[in-house]
Amino acid sequence: TLTGMTSDVIFPVDNVSFSQHVQPLFNQGCALAGCHDDGPHPATEVCLTSYFNTVFRTAGVVTPGRPELSTLVFSIEGTVGRRMPLNGPPLTQNQINGIRTWIVEGAMDN
């Protein structure tokens with residue numbers, strides 16, 4: 001888990017890949033048991049275990065092309081509600097920028 005350590009996922013400045021960057025980051029610190037996994041009561045009903053779950057399971061988590069409307073961005077930046085990951089260190093600025101870029105680029109399943 002990410003508790004006490006920072007994720008080693010580094011995002012490029014553009015051409016962000018869901019499978020190479022976004023999902024590995026989620027797997028390290030978000031899609032864990034009791035957090036945003038496939039369990040019966042994932043936190044706030046946000047499930048980050050797959051592309052489908054991230055983009056389509058809960059409306060508004062990711063709004064393709066619009067990071068300013070995506071609750072995922074609010075959560076990782078800590079601008080609305082509690083900063084995520086809740087029990088781990090904050091994401092790096094590179095990781096936050098990478099998630100924003102992936103959303104700006106259309107939040108594709110790439």
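Visitor: Is A107 buried or exposed?

Guide: Buried means under 20% relative accessible area, exposed over 50%, and partly exposed in between, using a 1.4 Å probe and protein chains only. A107 has 0% relative accessibility, so it counts as buried. This is a predicted model, where local features need pLDDT of at least 70, side-chain atom pairs count only at pLDDT 80 or more, and totals for chains, interfaces and linings use all residues. Residues are numbered from 1 along each chain as its sequence is written, and side-chain values use heavy atoms, with hydrogens and water left out.

Visitor: Where is A107, and what is its phi?

Guide: Most residues other than glycine have a negative phi, and most peptide bonds are trans. A107, in the segment after helix 4, has a positive phi, near 50°. Helices here are DSSP runs (H or I, at least four residues), numbered from the N terminus.

Visitor: What is the phi of N15?

Guide: Phi of N15 is positive too, near 55°. N15 sits in the segment before helix 1 (18-29) and counts as exposed because its relative accessibility is 64%.

Visitor: Which peptide bond is cis?

Guide: The one from M84 to P85, with omega near 0°. P85 belongs to the loop between helix 3 (71-77) and helix 4 (93-104).

Visitor: Which residues is Q95 in contact with?

Guide: Contact means heavy atoms within 4.5 Å. Q95, in helix 4, touches S7, V9, F11 and L25, leaving aside neighbours within four places in sequence. With 1% relative accessibility, Q95 counts as buried.

Conventions:
Helices (H or I, at least four residues) and strands (E, at least two) are DSSP runs, numbered from the N terminus.
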